[in-house]
Amino acid sequence: MAFLKMKERSKERFSLLLLDLEEYYFEQHTAHQVTRSSTKERKIRGSFKVCSKSIIFDPEDFAEPILKIPLRDCKRIEFVEKEDNPFTETKPSAISILCGQVFYIKEGNVIAPYRIERGGTRVTFQLEVWSKTEDVVQTLLQLHRASCLEKLGDQAAMIAANLQSRLARSSFDKNSFQSVAEKPHMECEVEMVMPLVSNPGHVCITDENLYFQPLNGYPEQVIQIRLHSVRRIYKRRHGLRPLGLEVFCTENDSCSDIYLKFYNTADRDEIYYYIATFLENHMTEHTAESYMLQWQRGHLSNYQYLLHLNNLADRSCNDLSQYPVFPWVIADYTSTQLDMTNSATFRDLSKPVGALNKERLERLLARYRGMPEPRFMFGSHYSSPGYVLFYLVRVAPEHMLCLQNGRYDHADRMFNSIGETWKNCLEGATDFKELIPEFYGDDCSFLENKLSVDLGRRQNGSSVCDVILPPWASDASDLLQKNKTALESQYVSEHLHEWIDLVFGFKQRGSEAVAAHNVFHPLTYEGGIDCDSIEDSDQRIAMLIQILEFGQTPKQLFTTPHPQRITPRFQNITRSSSINTPLSELSPASPSEDSSFEDLTEESKKLAWANMGNLKVLTSHKIHKEAVTGIAVTRDGSAIFSTSQDSTLKMFSKELSDFQRSMSFSNMALSSCLMLPDDKTVVCSSWDNNVYFYSIPYGRRQDTLMGHDDAVSQMCWYDDQLYTASWDSTVKVWHRASDDASSHKRSQVQLLAECEHDAGVNTIGLNPAGTLLVSGCKDGTATIWDTSNYGILQQVHCHTGTIHHMAFSPDSRHVLSVGADSCLKVMDVQTGMVISSVKAEEEQRCFCWDGNMALCGGQSGDLLLWDLLSNTVTKRIPGHSGAVTAMWMNEQCTTVITGGEDKQIIFWKLQC
């Protein structure tokens with residue numbers, strides 16, 4: 001299991017799990033437990049451990065049980081002085097304890113519920129280092145006083161003072177450094193967090209390593225993590241406060257290498273930023289939006305994406321109150337075969353577990369309506385420490401015993417059957433739990449009682465052994481394989497975003513949560529209560545314990561609807577074969593006449609973009625007197641047209657490597673140009689509010705469209721329709737018949753529509769099918785329009801300044817924009833959500849992109865190749881001596897032409 005992988009099982013029987021919740025292990029001494037009978041004295045050698053709420057004695061002989069003596073149950077703790085008698089053997093000093101109850105743990109070296117012996121029991125211990133006995137007794141008396149205080153708050157304060165005193169009297173041992181040349185940066189007191197327990201000590205960070213040294217030397221003297229091996233770091237909420245830091249040395253494992261809790265946020269942040277600064281050249285910091293984009297494009301599996309979202313939402317395998325949460329996806333646990341092509345096989349992912357049963361939901365809603373504020377629909381959560389250990393008890397029995405004060409749950413309430421558990425989640429009055437990542441992993445041991453733990457007998461007389469599997473699973477490994485197949489299936493891929501909306505997204509809180517029947521107790525939500533504001537320390541601690549035991553809702557990652565995954569069409573899978581169909585066979589259908597998969601041309605484009613960093617300059621030409629504003633090319637590539645702020649349209653002959661024509665329509669700047677499909681007409685937009693049509697065969701202006709009240713900034717053409725954007729805050733749509741387009745006669749241009757904006761429109765773009773239009777304004781607002789009725793589909797204020805350029809991805813699912821705020825933004829067309837945002841070192845003025853990679857022209861004149869999945873520049877290619885202001889790319893993505901403020905046009909070729 002994830003958190004059990006942190007350490008292989010130790011041969012040492014002692015574990016921090018023997019402590020109570022919120023208890024600390026302070027120190028240990030080698031000692032002997034002395035027992036006396038009428039005939040002789042018996043000594044049992046072992047480790048005497050002083051803890052904040054108990055004494056634990058761990059015998060070296062595994063046949064002997066571990067003793068745990070709660071300090072609150074001690075009636076007397078005494079120091080017995082050494083007896084020097086010349087006629088008898090000297091009796092060393094001892095610790096004598098009279099206690100009301102003693103816990104006997106691991107009797108016969110078997111993990112089992114604790115045996116409790118009640119009544120007045122006297123226990124005597126002799127330390128091997130006699131001189132420390134009196135000091136140990138004084139420590140025990142102090143801790144005993146704390147445990148006997150009436151108020152929980154007073155107990156906690158006294159124990160915390162003892163802990164802080166111990167930490168203040170010690171420091172990190174720098175002899176533990178791996179190298180004498182290491183330079184320490186910072187040292188402070190922390191706790192290493194593990195499931196249900198934490199261990200205080202000192203953290204020290206150097207220019208090479210992160211070290212943790214436990215105060216008690218357990219489980220080892222020092223833990224070292226090389227900074228170069230760190231791959232991910234996360235700030236965490238711990239105990240509802242921003243004090244945690246989790247460090248991962250792997251990319252996709254759900255289990256971290258260390259989780260530290262700091263005593264103040266400033267120390268946590270300093271360590272975090274030191275590591276982040278150290279790693280800025282070795283790792284990429286991902287956001288929920290960047291992971292979303294990778295998942296949407298198929299670069300992350302559903303499983304990987306859910307793991308990343310859990311990590312970003314403060315879910316950790318080291319914190320059982322915030323353990324990673326995964327959905328039930330299969331709803332059929334009775335069939336002998338699992339039909340992955342039948343939607344009835346799957347759970348409705350648009351509803352929380354509590355809303356899947358209509359009758360139960362109606363009863364819950366009736367109670368909800370009659371409840372005083374704050375109201376909630378579900379009195380228990382979908383993830384809590386108890387639920388996590390319910391699933392994992394067979395591999396983590398000691399954790400369950402720790403959580404439940406040395407007992408297992410009743411055998412009939414244990415995790416006995418997957419089908420029964422699912423049924424209870426549908427019908428139980430208070431059972432709304434989801435699953436954990438282990439159900440979609442590779443280790444099936446949590447379903448099998450390989451440790452032969454005695455978990456009790458059920459009412460029918462059967463013992464709790466392996467989990468009973470559904471009929472369609474041949475064994476535990478087969479169950480996990482089919483779970484994984486279901487999680488990555490077509491149905492789940494198409495609907496997983498709905499479950500993400502409930503757990504991590506916009507349906508987690510507020511009116512959307514109410515509408516989705518997704519309202520839990522207010523204490524489970526981040527910020528639901530400020531524990532620090534509760535003055536009564538007893539109430540504060542009780543509230544905190546209640547919250548941690550009840551479970552916590554993940555941190556909200558999305559506040560707008562999560563976009564759907566882009567899923568390919570899959571082959572039909574017959575019912576008879578589906579039961580044994582491995583994941584690898586659920587592959588996209590082979591290309592056919594109606595296939596939606598890329599043809600060879602698309603494959604060549606992918607190859608070209610994969611090699612885009614190999615762009616090389618062919619030639620450069622300075623043919624304008626001011627900045628270049630637009631580039632248009634004939635289909636055969638023989639003639640290149642460019643516009644400029646010098647008010648001219650120029651024609652450049654590729655064959656002659658020189659410009660052949662120069663045209664001027666007015667004395668004001670031309671802002672863009674485009675080539676009509678007939679290859680005989682170039683359309684130019686101007687700052688003089690007009691649009692000019694230039695006939696290539698006749699070599700003269702053919703028509704003028706006076707359509708705007710301010711400068712025309714950019715144009716698009718699709719299917720006889722011209723779209724013009726203007727600083728007069730409109731986009732206008734014109735019809736110009738193709739029959740007229742090639743004629744030397746003046747054409748009839750008809751206004752079809754006018755799209756109003758609140759600011760000047762600086763850029764527009766059409767999707768490949770011509771069904772969607774995007775416009776970008778000077779105030780940073782992006783608007784997506786439906787070209788069938790010119791209604792607004794999405795409107796998002798995504799930049800803080802002018803938007804320079806916008807364009808749809810080839811599949812029309814996303815829009816990329818660049819602006820004067822130096823940001824690159826990717827917007828989801830379906831939801832209007834900005835799913836990726838990165839601030840560049842310089843303004844990006846124009847670009848071409850394939851949906852994953854973008855070739856941008858920067859303010860510096862360089863071309864920058866951006867990987868939009870990781871939001872990083874993978875290649876910087878020197879180009880112009882001023883900002884790149886125009887860019888054209890051929891359909892095969894192998895030739896690029898750029899224009900700049902340096903008045904030059906540069907021809908680029910891809911060198912594969």
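How many helices and strands does the protein have? And once that is clear, which strands form the open sheet with β15 in it, and in what order?

Analyst: Happy to. One thing to keep in mind is that this is a predicted model. The protein has 16 helices and 42 strands. Along the principal axes, its C-alpha atoms fill a box of roughly 130 × 65 × 55 Å. Of the 912 residues in the protein, 56% are buried. If you take the contacts between residues at least 6 apart in sequence, 57% of them join residues at least 24 apart.

Now to the sheet you asked about. It is an open sheet of four strands, and their order across it is β15-β42-β41-β40. The pairing is antiparallel. At the edges are β15, residues 615-622, and β40, residues 884-889, each of which pairs on one side only. From one strand to the next, the twist averages 20 degrees. Inside the sheet, β41 (residues 895-900) and β42 (residues 904-910) are joined by five bridges in the antiparallel sense.

β32 is joined by five bridges to strand β33 (residues 814-819), and the two run antiparallel. Here His 805 stands opposite Val 818 in β33. The hairpin of β32 and β33 has five residues between the strands, and one of them, Ser 812, takes a positive phi near 70 degrees.

Positive phi values turn up in another strand connection too. Asp 719 sits in the loop between β24 (712-718) and β25 (721-726), and its phi is near 50 degrees, a positive value in a residue other than glycine. With a relative accessibility of 58%, Asp 719 counts as exposed, because the cut-off for that class is over 50%. Asp 720 is placed in the loop between β24 and β25 as well. For Asp 720, phi is near 70 degrees, again positive although the residue is not glycine.

While we are on backbone geometry, there are cis peptide bonds to look at. One joins Tyr 218 and Pro 219, with omega at about 0 degrees; Pro 219 belongs to the loop between β10 (209-214) and β11 (223-226). Another joins Glu 373 and Pro 374, where omega is about -5 degrees. You will find Pro 374 in the loop between α6 and α7 (385-392).

For the helices, turn to α1 (residues 133-147) and α2 (residues 152-168). They pack at an angle of about 150 degrees, and their axes are 7 Å apart. α1 and α2 are therefore roughly antiparallel to each other. On the α1 side, the contact is made by Thr 139, Gln 142, Leu 143, Arg 145, Ala 146 and Ser 147, while α2 contributes Gln 155, Met 158, Ile 159, Asn 162 and Arg 166. Sorted by class, this contact has four nonpolar, five polar and two charged residues.

Arg 13 lies in the segment before β1 (25-36). At 4% relative accessibility, Arg 13 counts as buried. A polar atom of its side chain is 2.7 Å from the backbone oxygen of Glu 64. Beyond residues up to four places away in sequence, Arg 13 touches Asp 58, Pro 59, Asp 61, Phe 62, Glu 64, Pro 65, Ile 66, Lys 106 and Asn 109.

Ser 335 is located in the loop between α5 (302-312) and α6 (358-369). The side chain of Ser 335 makes a polar contact of 2.6 Å with the side chain of Asp 332. Leaving aside neighbours within four places in sequence, Ser 335 is in contact with Pro 471 and Trp 472. To get a sense of scale, compare the C-alpha atoms of Ser 335 and Ile 696: these residues are 361 apart along the chain, and the atoms are separated by 71 Å.

Conventions. Residues are numbered from 1 along each chain as its sequence is written. This is a predicted model: local features need pLDDT of at least 70, side-chain atom pairs count only at pLDDT 80 or more; totals for chains, interfaces and linings use all residues. Side-chain values use heavy atoms; hydrogens and water are left out. Axes are lines fitted to C-alpha atoms, for helices over the stretch in contact, and angles run from 0 to 180 degrees between N-to-C directions. Angles under 35 degrees count as roughly parallel, over 145 as roughly antiparallel, 65 to 115 as roughly perpendicular and the rest as oblique. Contact means heavy atoms within 4.5 Å. Ala, Val, Leu, Ile, Met, Phe, Trp, Tyr, Cys and Pro count as nonpolar, Asp, Glu, Lys and Arg as charged, and the others, Gly among them, as polar. Two strands pair if DSSP finds at least two bridges between them. Buried means under 20% relative accessible area, exposed over 50%, partly exposed in between (1.4 Å probe, protein chains only). A polar contact is a pair of N or O atoms within 3.5 Å; within protein, one must be able to donate a hydrogen and the other to accept it, and residues adjacent in sequence count only if both atoms are side-chain atoms.
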